[in-house]
Amino acid sequence: MNLTDRVVVITGGAGGIGAALARRFAAEGAAAVVLADLDARATAAVAATVGPVARGVAVDAADEGQVRDLVADTERRYGRIDLFCANAGVATGVGIEAPDADWDRAWRVNVLAHVYAARAVLPGMLARGGGHLMHTCSAAGVLTAVGDAPYTATKHAAVGLAEWLAVTYRDQGIRVSALCPQGVDTPMLADGLATGHLAARVIAASGPVLTPDQVADAAVAGLAEERFLILPHPEVAGYALRRAQDPDGWQAGLRKLVRRLRAADPPPA
């Protein structure tokens, strides 16, 4: 995809990867960049920094009616949507003991929001004979987020959904990409590291922590090449290969890393 003169929608656009994508797409010459997020004030602030092509709107990506309205309003204003980035996501930082409400929220934001986006935007794309969906799925979707069971399960589901969409709609002109970064310098990771959370420490120990702008650069390159899996951390491909070839060995390696990190914990005061 050449982003020049394209109309783009980005959910989770109030900061982090979403904001970086907006800046990068505008720099590539996008005709319009619509940023959607729960935080109306932050979204509007990001749009102001991106420039006149950007517009910020308050949308709950996990509410199908609001997503339908977002798509309909964007198509009325600009005539089409060329690229829809389903980028909103949430982590829980807990295991299977997470309350059902946390599991439900992770499912709705990390998976159903992608379903709602596809349902809303595909009819217009199919009628025009083309379009691109990019789902932010995380490296957790092809590996494992140690310490966060809901995040792991839902991100795997997100990758599975993206693959299903790619297989189902590619011959009708629809391209699908799964953006799967590992460690990214966002509040989600920073807060986890500040509290010493195991999941954040495993991520930081598994490879470099990229800036959101570096992830956006990788996304633009992947979109240009129409890649399904966009891996800002190239090492994730090697990890996934090892996991597929030797799942027992892969799990043993993760357990060893967890034991090492836990052994480094300071004793309680």
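**Close-up views of salt bridges and ring pairs**

**View 1. A network in which Arg-55, Asp-73, Arg-76 and Arg-77 are linked by salt bridges.** A salt bridge here is a side-chain nitrogen of Lys or Arg within 4 Å of a carboxyl oxygen of Asp or Glu. This is a predicted model, in which local features need pLDDT of at least 70 and side-chain atom pairs count only at pLDDT 80 or more, while totals for chains, interfaces and linings use all residues. Residues are numbered from 1 along each chain as its sequence is written, and side-chain values use heavy atoms, with hydrogens and water left out. The side chains of Arg-76 and Asp-73 come to 3.7 Å, N to O, and Arg-76 is exposed at 64% relative accessible area (exposed means over 50%, buried under 20%, partly exposed in between, with a 1.4 Å probe and protein chains only).

**View 2. The salt bridge between Arg-175 and Glu-226.** The closest N and O atoms of Arg-175 and Glu-226 are 3.0 Å apart. Arg-175 lies in strand β6 and Glu-226 in the loop between α8 and β7, so the pair ties together parts that are 51 residues apart in sequence. Helices (H or I, at least four residues) and strands (E, at least two) are DSSP runs, numbered from the N terminus.

**View 3. The aromatic pair of Trp-164 and Tyr-169.** Rings of Phe, Tyr and Trp (its six-membered ring) pair if their centres lie within 6.5 Å, and planes under 30 degrees apart count as stacked, over 60 as edge-to-face and the rest as tilted. With 6.2 Å centre to centre and 75° between the planes, Trp-164 and Tyr-169 are edge-to-face, and Tyr-169 is buried.
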